[in-house]
Amino acid sequence: MRELHPDVQMMNELRRELRHRIADVRERADAIFARRPSPSGNVIPEVDAMGRLRDLYLAPGTCDLFGCDELAAEIMAAITESTRDAQRQYQIAINDPANIPESIAQIGERRLSTSNSASITTAGKREQ
C-alpha cells in the first residue's frame with residue numbers, strides 16, 4: 001500500500017481538526033437559549049442562539065388583559081429582548097479566550113516542523 005505524501009497527510013489532519021471545531025461551535029450554540037419577560041412580565045418566550053422561537057409562555061389571563069395590538073406588542077418586545085440576550089450569550093461563548101483554540105496555521109506550522117525534524121536521518125542528513 002502506498003503512503004500518502006506528508007503534505008496530504010497534514011491537510012487531512014487539518015481538515016479533521018476543522019471539522020471537529022465546527023462541531024464544537026455547533027454544540028455550544030445549540031446549548032444557548034434566552035428567556036426574557038415582556039415589559040408586563042406576562043409573556044416569556046424562549047429563543048435560541050440562532051433567533052428561533054423555541055417556546056412561548058403566556059401567563060393565565062394575559063389574553064384578557066390586552067387587546068390584540070397590545071398583546072402582539074408584548075410578545076414582540078419579549079421576543080426581541082430574548083433574541084438580543086441569546087445573541088449576546090452566543091458572542092460571549094464564541095469569543096471567550098478559553099474557547100479559542102490554536103489557529104489552523106499554527107497547527108500546520110507545528111506539524112510541518114515535526115515532520116521536517118522526523119525526516120532527518122541518523123547520519124544527520126535530510127532524506128531527499
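Start by selecting Glu 81 and Arg 84: both lie in helix α3, three residues apart, about one turn of the helix. Helices here are DSSP runs of H or I with at least four residues, strands are runs of E with at least two, and both are numbered from the N terminus. This is a predicted model, where local features need pLDDT of at least 70 and side-chain atom pairs count only at pLDDT 80 or more, while totals for chains, interfaces and linings use all residues. Residues are numbered from 1 along each chain as its sequence is written, and side-chain values use heavy atoms, with hydrogens and water left out.

Now show the two side chains. Glu 81 forms a salt bridge with Arg 84, the closest N and O atoms being 3.7 Å apart (a salt bridge is a side-chain nitrogen of Lys or Arg within 4 Å of a carboxyl oxygen of Asp or Glu). Arg 84 counts as exposed because its relative accessibility is 53%, and Glu 81 is partly exposed at 32% (buried means under 20% relative accessible area, exposed over 50%, partly exposed in between, with a 1.4 Å probe and protein chains only).

Next, select the strands. What order do the three strands of the open sheet have? The order is β1-β2-β3, with antiparallel pairing (two strands pair if DSSP finds at least two bridges between them). β1 (33-34) and β3 (53-58) stand at the edges with a single partner strand each, so one side of each has no neighbour in the sheet. Bring helix α3 (residues 68-95) back into view: the helix packs on the sheet and touches β1, β2 and β3 (contact means heavy atoms within 4.5 Å).

Zoom in on β2, residues 43-48. Is this strand mostly covered or uncovered? Mostly covered: five of the six residues of β2 are buried. Look across to β3, and you'll find Ile 44 opposite Tyr 57 and Glu 46 opposite Asp 55.

The side chains of Glu 46 and Arg 35 meet in a salt bridge of 2.6 Å, N to O. That pair links distant parts of the chain, with Arg 35 in the loop between β1 and β2, eleven residues apart from Glu 46.

How values were computed. Axes fitted to C-alpha atoms, helices over the stretch in contact; angles between N-to-C directions.
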